[in-house]
Amino acid sequence: GTLTGSPPKRVGRVALPRLAVERSRLVMPSVASALLLPHATLVPPTAHLPLTTRLPPTTYVRPASRAPPPLLLGRPRLDLVGRIDRWWSERRDQSHWRRDRPERIILVRHGQSCGNTDKKFFSTVPDSQIPLTDRGYAQAAVAGLKIRNLVGNESVRFFHSPYMRTRQTLLALLRAFDKLPVLLTSEPRLREQDFGNFQDPQAMDAIFEERARFGRFFFRFPNGEAGTDVYDRVASFLTYLFRTMGGTKSAAFAEATAGEPRPRTPVRNYVLVTHGLLMRVFCMCYLRWTVDEFERVWNPSNGEVWVLQKVDGRGIYRLEGRYCTTNGGRRGGRYVDVKYGLNQTQAMPRNMKQPNPSRRVVPGAPDAFDAPQFAHMKDVPGPGRWNRGDWESWTAEREVLARGEVATGRGWESDARR
């Protein structure tokens, strides 16, 4: 036995005694730890203690007459072991992220609602309580068949808006999953943009005209939300959504805090039953579209299905487009680009189909902003004093000289203080 009375622990081919260090707990779960702490340094000096002395299993008394082994009690060596173990744990979690994330994230817009056919409903019925029409039920049932044709018997988890029309759409979707267990999660952050409370049709027509002049994404409805508010809550939901994926500790924590049962195996498909604007904002948030790109994407039709497919080996998702079936799904399905551009038939640029958090540019190059991903930087007005906004004839040095200020930038500092 060792000093602590515990039998040695074997890691690989190296026998390690169970030993605790004063003010620190020495844990050696990996072979890397065993290699950094040789076995010869793990045996404490015992000549000064009688053989009958029995100490607690996790206590080591430092002898007053002998110095501690430098490799065992040296704090830099222990910190290095901890860093290696943390690095290995993070790498293991990253492999789970890539392997255990769902194969698809599927977005579905609700079926046709009574508000889509008659705007007067919004003046007497709360937006959250407007139901589907008969046609809307049929559209939702067809969307369910499309999704079942796509995923087969794979596991599915549904996230849905709490609005009446989305709950009715969900129930119609589930008819295609009879006898197949699925998971359901109600998510208020997937609700429609708030356009106000009871909405007078004539007043709303004037408000929509004002929104067209002001800008669709930044306009705030009276007693309602702006597009930026929707973006913020979708970004919050997206963070939660990815924390629930796979078998990592973060996923287990997210599920525990939500009070939901933890599935034994990672779910292979996530389905979001929501609204048209939310589908566009979700893609804008995840794929990092600019505001200009977002406004070029048309709203999906009722019951339309968009699919984001996982890229093999990377753990990210690519927007495949709208999913359509042929011959009732007996011959599989195909993807069609989402409606984009002025005439709804333009091809969506490739950079909009995968996450694009940053876009590389070389300032000063003749074609610096000619690529499609920089369309939002074109036609940006320049300084008015140089040929009415011509960026080609403007430089920072020329601006400093024209203002009669030194090149130290003191003039800019004075402007900032104003």
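Two rings of Phe, Tyr or Trp count as an aromatic pair when their centres lie within 6.5 Å, and such a pair is edge-to-face when the planes are over 60 degrees apart. With that in hand, let me start on the rings. What you see above is a predicted model, and it holds 17 aromatic pairs.

I will take two of them. F208 and F221 have their ring centres 5.7 Å apart, with 75 degrees between the planes, which makes the pair edge-to-face. F208 is in helix α8, residues 201–214, while F221 is in the loop between α8 and α9, so the pair ties together parts that are 13 residues apart in sequence. Buried or exposed, what is F221? F221 is buried, at a relative accessible area of 2%.

Now the second pair, F217 with F294. Here the centres are 5.5 Å apart and the planes stand at 65 degrees, so this pair is edge-to-face. How many residues apart in sequence are the parts that the pair ties together? The figure is 77, because F217 lies in the loop between α8 and α9 and F294 lies in helix α12, residues 291–296. F217 is buried, with a relative accessible area of 6%, and F294 is buried too, at 4%. F294 has a further neighbour: the charged end of R280 sits over the ring of F294, 4.4 Å from its centre.

Next, a residue in helix α7. T169 lies in that helix, which covers residues 164–174. The relative accessibility of T169 is 1%, so T169 counts as buried, the cut-off being under 20%. Which residues does T169 touch, leaving aside those up to four places away in sequence? They are R109, H110, G111, L132, A140 and V273.

On to the backbone. Most residues other than glycine have a negative phi. Two lysine and asparagine positions to look at are K179 and N223. K179 has a positive phi, near 70 degrees. It is placed in the loop between α7 and β5, the strand at 183–186, and K179 is exposed, with a relative accessible area of 83%. For N223, phi is near 60 degrees, again a positive value in a residue other than glycine. N223 is found in the loop between α8 and α9, and at 70% relative accessibility N223 counts as exposed. That loop is also where F217 and F221 lie, and both of those phenylalanines are buried.

The structure holds one cavity of 30 Å³ or more, and the volume of the largest cavity is about 30 Å³. Which residues line the largest cavity? The lining is made by L107, L190, V234, L272, T274, L278, M279 and F282. Two elements give two or more residues each to this lining, β6 at 269–274 and α11 at 276–287. Of these, α11 supplies the largest share, three residues. By class, seven lining residues are nonpolar, one is polar and none is charged.

Notes: Residues are numbered from 1 along each chain as its sequence is written. This is a predicted model: local features need pLDDT of at least 70, side-chain atom pairs count only at pLDDT 80 or more; totals for chains, interfaces and linings use all residues. Side-chain values use heavy atoms; hydrogens and water are left out. Rings of Phe, Tyr and Trp (its six-membered ring) pair if their centres lie within 6.5 Å; planes under 30 degrees apart count as stacked, over 60 as edge-to-face and the rest as tilted. Helices (H or I, at least four residues) and strands (E, at least two) are DSSP runs, numbered from the N terminus. Buried means under 20% relative accessible area, exposed over 50%, partly exposed in between (1.4 Å probe, protein chains only). A charge sits over a ring if NZ of Lys or CZ of Arg is within 6 Å of the ring centre and within 35 degrees of the ring normal. Contact means heavy atoms within 4.5 Å. On a 1 Å grid over the protein atoms alone, a cavity is a set of points where a 1.4 Å probe fits but cannot get out, and a pocket is an open set with protein on both sides within 12 Å along at least five of seven lines; lining residues have an atom within 4 Å of a point. Grid points are joined across faces, edges and corners, and a volume is the space filled by probe spheres set on the points. Ala, Val, Leu, Ile, Met, Phe, Trp, Tyr, Cys and Pro count as nonpolar, Asp, Glu, Lys and Arg as charged, and the others, Gly among them, as polar.
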